[in-house]
Each structure stands twice: as structure tokens, then as C-alpha cells.
Amino acid sequence: MRKTLTGTQLQILQCLESHSEVSIEKLQDRFSFIPDRELYYRLEQIVLMIFVIRGLKGNGVIYTLNSDYS
């Protein structure tokens with residue numbers, strides 16, 4: 001399944017692999033060259049492929065690697 005990711009999706013996944021959890025704000029900063037809507041769409045695809053899990057922490061959205069994947 002990993003081979004089906006686009007280049008940008010793979011970059012996002014690699015960023016998530018190098019951190020235990022990443023907030024949406026950190027992802028927006030890291031991938032500022034991607035419009036927010038497109039970043040969200042790419043994240044949704046990665047979530048639907050079950051590579052990562054979206055959750056809430058405080059008042060913000062965070063992404064963590066799925067334990068089955070990691």
C-alpha cells in the first residue's frame with residue numbers, strides 16, 4: 001500500500017514516522033507550500049489507508065502512526 005502513495009503523501013507519512021505525534025499546526029508549518037485544503041485531503045487519504053490515526057489533544061487535532069503500521 002505504501003507504494004501507492006503520491007510523493008507528497010509519502011513526505012507527510014515520513015514526517016509522521018519521525019515523530020510520535022504531530023499536530024495539524026506543525027504539519028501546516030512543515031508543509032506550508034501545500035494549501036491547507038490540499039494538505040487536509042492528503043492527510044485524509046493517509047488516514048483512510050490506515051497508516052495514521054487522527055485524534056484530538058486539548059483543542060487541537062493530532063496525527064499519530066497507527067500501531068499496526070509502526
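These legends accompany several close-up views of a predicted model of one protein chain. Residues are numbered from 1 along each chain as its sequence is written, and side-chain values use heavy atoms, with hydrogens and water left out. Because the model is predicted, local features need pLDDT of at least 70 and side-chain atom pairs count only at pLDDT 80 or more, while totals for chains, interfaces and linings use all residues.

View 1. From the N terminus on, the elements run α-β-α-α-β-β, where helices (H or I, at least four residues) and strands (E, at least two) are DSSP runs numbered from the N terminus. The C-alpha atoms fill a box of roughly 30 × 25 × 20 Å, taken along the principal axes. A compact globule of 70 residues would have a radius of gyration near 11 Å, and the protein chain, with 11 Å, agrees with this; the radius is taken over C-alpha atoms, and the globule rule is 2.2 Å times the number of residues to the power 0.38. Buried residues make up 39% of the 70 residues, where buried means under 20% relative accessible area, exposed over 50%, and partly exposed in between (1.4 Å probe, protein chains only).

**View 2. The largest nonpolar core, which has 19 residues.** Such a core is a set of buried Ala, Val, Leu, Ile, Met, Phe, Trp, Tyr and Cys residues joined through side-chain atoms within 4.5 Å. Within this core, L27, V52 and Y63 touch the most other members, and the elements that give two or more residues to the core are α1, α2 (24-30), α3 and β3 (60-65). Not counting residues up to four places away in sequence, L27 touches C15, V22, L39, L43 and Y63, a contact being heavy atoms within 4.5 Å.

**View 3. The salt bridge between R2 and E17.** A salt bridge is a side-chain nitrogen of Lys or Arg within 4 Å of a carboxyl oxygen of Asp or Glu, and by this rule the count comes to four. The side chains of R2 and E17 meet at 2.6 Å, N to O. R2 lies in the segment before α1 and E17 in helix α1, so the pair ties together parts that are 15 residues apart in sequence. R2 counts as partly exposed at 32% relative accessibility, and E17 is likewise partly exposed at 33%.

**View 4. R42, its partner E38, and Q9.** The closest N and O atoms of the salt bridge between R42 and E38 are 2.7 Å apart. Being four residues apart in helix α3 (residues 36-48), R42 and E38 are separated by about one helical turn. R42 is buried, with a relative accessible area of 17%, whereas E38 is partly exposed at 30%. Q9, in helix α1 (residues 7-17), is buried at 7% and, leaving aside its neighbours within four places in sequence, is in contact with R42, Q45 and I46.

**View 5. R54 and its salt bridge with E44.** In this pair the closest N and O atoms are 2.0 Å apart. R54 lies in strand β2 and E44 in helix α3, so the pair ties together parts that are 10 residues apart in sequence, and their C-alpha atoms are separated by 8.9 Å. R54, within strand β2 (residues 52-57), is partly exposed with a relative accessible area of 37%, while E44 is buried at 17%. Leaving aside neighbours within four places in sequence, R54 is in contact with Y40, E44, V47, V61, I62 and Y63.
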